[in-house]
Amino acid sequence: MQFDFYQSGIKQASFFVGEDGIEVAGYEQSRTRLTAELTQKYSKRMHASPQKVLNNYLLRSDWDFSQSVITLETGERFEATESKHLFIQRNAKPAVNLVVVENQLVGVQIAVRNMTTVLIRPGYEDYTILQAWQDNQMIMVKPFHIKVQQTKMVKMRDGVTLATEIFLPDDQEDQHSVVLIRTPYGREMFYEDCLRFIQRGYAVVVQDVRGRNDSNGEWLPMYHERLDGEDTVNWIAKQPWSNSKVGMIGRSYGGYVQWAVAASGTPYLKALVSMMTAGGPFNDTIYKNGAPISGSLAWFFSTAGKKFKISNMVRTDWSDLLKVRPLDQIPVKGLGHEIPGFTELMKHRENDEFLENMDWKRKSANIKVPALIQSGWFDDNGAGTTEAIRATNDYPKGKRKIILGPWIHSGNAQYDLGPVHLGEKALRFDIDLQHLRWFDHFLNGVENNIENEPVIDYYSIYEDRWKSADHFPVNPEQTNWYLDATGHELVEEKPSKDGYLSYDYDPKKPAPHLIDVSQNELEFPNDYADMEHRNDVLSFTSAPLPDDMIITGWLRAVFFASSSAVDTDWVVRFTDVSPDGRQAISIVDGVLNAKFRDGLEKAKLLTPNVIYSFDIETQKTSIKLAKGHCLRLDITSSAENLIFPNSNTVKGANGLNTIVARQTIYTGPNYPSRVVFNSVTGFR
């Protein structure tokens with residue numbers, strides 16, 4: 001029995017199952033037994049063990065696909081879809097989805113972040129995403145080999161050299177369009193992922209950023225990326241194997257470096273594929289609107305040495321470490337030494353010139369590069385994608401494409417996120433197809449019509465639908481619901497009487513943000529029903545919805561409040577409340593350090609007990625709140641695991657001494673506190 005392995009529309013190998021075991025023939029090797037070494041190689045490439053996929057799924061003879069749900073003895077669970085040709089795997093990352101034809105299992109389909117793997121019996125390719133590749137005339141069965149792989153130490157303008165890996169395809173061409181990846185994690189981690197571009201005739205350059213892995217210089221997160229990126233792109237453009245057209249791809253930090261280079265205005269950068277991009281230091285990555293982020297400690301620990309060390313992220317003592325002050329001593333307690341970059345960043349508690357140098361959006365007027373922007377509703381760098389969307393809002397149609405899915409920061413790989421259970425359409429098996437079409441068009445001049453397609457594809461949670469639009473949010477008209485302190489309610493009309501509610505915020509007893517710091521997923525959805533019973537959390541709840549309501553866009557909490565402290569934080573969270581009230585699942589949240597109520601440019605301490613207006617924008621979303629459910633706004637002053645608790649003193653989160661702050665929220669005709677959102681219910 002034969003199963004062909006395709007990745008990103010390219011046939012990589014064939015597996016042959018016989019009485020004597022499993023053999024494999026790859027595009028770069030003849031047919032041979034599937035050894036432990038080859039298993040490891042293909043597991044890394046497929047993001048799943050081929051032996052496990054074959055033995056545990058494809059070679060089983062006891063499947064009963066007449067059932068809508070199949071549960072294996074291992075506890076693995078698969079659900080039928082409307083087409084009946086795909087059974088999706090629940091509670092798994094990545095989900096191994098079964099391809100079924102006439103009640104027979106003929107293959108599997110696996111989405112992992114930015115590419116899709118298909119293992120399929122010959123003749124059944126059209127039942128998978130390979131049909132879309134074929135429709136675009138992009139199936140490849142004889143990929144190009146690597147002709148050249150070499151390491152260069154590329155000199156930056158200040159003389160520092162960066163380790164840079166160059167891959168050239170054996171396509172008989174002298175010059176190539178170039179795909180560039182810049183990373184702090186070690187360039188060798190990306191060789192497998194970038195193979196798909198080399199196989200299609202692109203040159204690929206993978207570079208360790210300054211101070212990381214084999215590159216020289218000082219590692220200071222984000223600080224050098226604009227100039228180093230510009231120097232690198234300009235260097236690539238002058239190489240004899242380059243046609244001077246450079247595209248960039250990457251996720252998270254690998255997204256940030258793209259926008260930093262784009263902000264330099266280099267003319268050789270022709271296309272971006274930006275996934276879950278990190279944003280500016282003061283509103284997204286180091287601080288959340290002025291409040292220092294604690295949830296990123298696992299990342300800082302993993303990059304504490306010159307080599308990326310993922311094992312540093314996993315700890316059982318995060319709750320103890322988060323209490324260490326001053327903040328720059330946390331790594332000393334946890335690792336035995338300071339992390340110089342973290343120490344330096346914690347010195348800058350205001351959005352000063354140092355941090356502004358790292359903020360690419362301040363130079364967004366220089367950004368003209370065609371950009372494919374991909375992110376998820378639960379992406380903890382969602383503010384970075386918001387910046388990218390807004391930086392490109394003036395682009396003419398065809399110069400940007402935006403894909404917004406129901407994903408966490410690690411991306412397009414699973415159907416179940418804690419209490420949020422997504423439908424069969426939640427994963428995009430064509431993500432890598434869209435990436436390649438983007439590069440083909442803007443780097444190679446291929447007329448594939450991508451520039452004429454809708455600008456935005458977005459997924460609506462609980463509708464299980466992908467929708468298209470040419471701008472975001474889809475409906476620009478805003479809905480205002482008002483906070484009413486007299487009944488802890490969200491109401492559609494402004495309350496007729498003023499009211500207020502108060503709570504005491506004790507920095508020594510912060511309200512939890514329900515995540516595992518070791519997972520480095522800061523916006524994972526969860527059930528906050530129990531937390532909402534705390535005395536330091538105020539909740540305002542709508543009446544049960546008379547009909548389904550769809551919200552698409554950003555949500556804002558605009559409220560009037562006073563504090564007995566000179567500095568404090570505000571944390572807002574919107575939840576989807578079940579009809580029985582037992583669940584309150586987080587939708588989006590937002591944070592603001594009160595000193596920056598008038599903008600991040602200048603800190604202004606509070607005058608105790610004076611009433612101010614605060615405006616907090618949350619993450620973006622598209623979600624259907626079902627009939628009978630309620631929308632709830634929670635307001636508190638802490639989010640343990642997400643931000644360091646504010647001491648309520650002039651020293652903010654870095655203060656050794658804390659005080660309890662009396663926080664008061666005001667509502668009514670004189671204090672029209674409200675929530676603002678974009679409803680698309682009934683909108684066409």
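**Cores, a helix and a loop**

Author: In this predicted model, Phe559 touches Trp570, Val572, Tyr612, Ser613, Phe614, Ile616, Ile635, Ile665 and Ser673, leaving out residues up to four places away in sequence. A separate core of 29 residues includes Phe5, Leu58, Val96 and Leu119.

Reader: Which residues touch the most other members of the largest nonpolar core?

Author: In soluble globular proteins, nonpolar side chains tend to be buried together. The largest nonpolar core here holds 163 residues. Those touching the most other members are Phe559, Trp570 and Ile635.

Reader: How far apart are the end C-alpha atoms of helix α5?

Author: Helix α5 covers residues 225-237, which makes 13 residues. At 1.5 Å a residue, the helix should span 18 Å.

Reader: Is α5 largely enclosed or largely open?

Author: The buried residues of α5 include Glu225, Asp228, Val233 and Ile236. They pack against β12, β13, β14, β15, α6 and β16. Because eleven of the 13 residues are buried, the rest of the structure leaves α5 largely enclosed.

Reader: Is Asn351 buried or exposed?

Author: Asn351 lies in the loop between α11 and α12. Beyond its neighbours within four places in sequence, Asn351 is in contact with Phe282, Glu356, Arg362 and Leu600. Its relative accessible area is 7%, and a residue counts as buried under 20%. Therefore Asn351 is buried.

Methods: Residues are numbered from 1 along each chain as its sequence is written. This is a predicted model: local features need pLDDT of at least 70, side-chain atom pairs count only at pLDDT 80 or more; totals for chains, interfaces and linings use all residues. Side-chain values use heavy atoms; hydrogens and water are left out. Helices (H or I, at least four residues) and strands (E, at least two) are DSSP runs, numbered from the N terminus. Buried means under 20% relative accessible area, exposed over 50%, partly exposed in between (1.4 Å probe, protein chains only). Contact means heavy atoms within 4.5 Å. A nonpolar core is a set of buried Ala, Val, Leu, Ile, Met, Phe, Trp, Tyr and Cys residues joined through side-chain atoms within 4.5 Å. The expected span of a helix is 1.5 Å times one less than its number of residues.
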